[in-house]
Amino acid sequence: TTCARRTPKIRDSIFFLRGNIGLELPRRSNPGREIVEERGRSLAAMRFPGGSYIRRHNTVLNELFAICHNYRIGTVLEPSQLFIDLIQPSEASYRGEQNVGITPDIKINFGPGEVRIGDVKTLGDVRTASIRSVSNATRTASAAQQAVNKRQARVNGQYQRRAKTIDRQQGHPDDGSQGPVERRLNEFPPVLGLVTGPRGELSSDFVALITRVAKVGAERLEDDTPVGGARPDSFLKWRATARLGMAAQRANAQ
């Protein structure tokens, strides 16, 4: 990698590497440039502070997968095969060996004719304006809930735009008609925006999904869930909601 300008961020990163890791980067005589190709592989393999979004995302996604598995509901993480037959090799993008042309985070199969795909998003912080008449805790919780629902509303549109872009890249005319990738996407219900907030807030799509997961799970678990007379689906929903909320808070605190 060649850093064409020595911006403050790049300069601080170079000082960090020299001072804390002991890595000596080669210099060139022309000012304002740092050449680091020589040890590019070492830099790529280093672990830097950060990655909080990936950590939160994977924690919530894995918890959702575990809940569905416990409730005996067929679930696939990152189902890359949904669109692979429609994407030309020259247009496919890869991360390692995984095709990421269009890959939802999760596919949940409730039964024949009822398959949902979803995308997990996590919010790490919500800033609020000061309102004297409302307590800080209430104001923060309200803003966080609004934020997760606002983020949820953008998910399906992002998938639709991505499908249109891939179709155009593969030669489908931009005349308003649906290409093969967009048609395949529209065979499913709208993509679920599974958004969590920093204090365990869940988007309305997430709540609706957990309600359905709990209902199907109660039917499949039958007598395996003794709840003392309460409705099994209500108990399973409460339990799943608590697990997801705690997972989101735990990941956000790390």
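Visitor: Which residues in H7 meet Pro-232, Asp-233, Leu-236, Lys-237, Ala-240, Thr-241 and Leu-244 in H8?

Guide: Keep in mind that this is a predicted model. Helix H7 covers residues 204–221 and helix H8 covers residues 232–253. On the H7 side, the residues that meet that H8 set are Phe-206, Val-207, Ile-210, Thr-211, Ala-214, Lys-215, Gly-217, Ala-218 and Leu-221.

Visitor: And by class, how many nonpolar residues does the contact of H7 with H8 have?

Guide: Polar residues number 3 in the contact of H7 with H8, and charged ones number 3 too. Lys-215 in H7 and Asp-233 in H8 both take part, and each is of a kind that counts as charged. That leaves the nonpolar class, with 10.

Visitor: Is H7 roughly parallel or oblique to H8?

Guide: The axes of these two helices are 8 Å apart, and the packing angle is about 130°. Roughly antiparallel would take an angle over 145 degrees, and roughly perpendicular runs from 65 to 115. An angle of about 130° therefore makes H7, relative to H8, oblique.

Visitor: What about the hand: is the crossing of H7 and H8 left-handed or right-handed?

Guide: This is the pair with axes 8 Å apart. The crossing of H7 and H8 is right-handed.

Visitor: Now H3: is it roughly parallel or oblique to H7?

Guide: Helix H3 takes in residues 52–70, and its axis comes within 9 Å of the H7 axis. The two cross at roughly 25°. Angles under 35 degrees count as roughly parallel, so H3, relative to H7, is roughly parallel.

Visitor: Zooming out, what share of the contacts with a separation of 6 or more comes from residues 24 or more positions apart?

Guide: The chain holds 8 helices and 8 strands, and buried residues make up 38% of its 254 residues. For those contacts, the share from residues 24 or more positions apart is 67%.

Technical notes: Residues numbered from 1 in each chain as written. Predicted model: local features only at pLDDT ≥ 70, side-chain atom pairs only at ≥ 80, totals over all residues. Heavy atoms only, no water. Helix = DSSP H or I, 4+ residues; strand = E, 2+ residues; numbered from the N terminus. Buried < 20%, exposed > 50% of the residue type's maximum accessible area, 1.4 Å probe, protein only. Contact = heavy atoms within 4.5 Å. Axes fitted to C-alpha atoms, helices over the stretch in contact; angles between N-to-C directions. Left-handed = near helix turned anticlockwise from the far one by under 90°.
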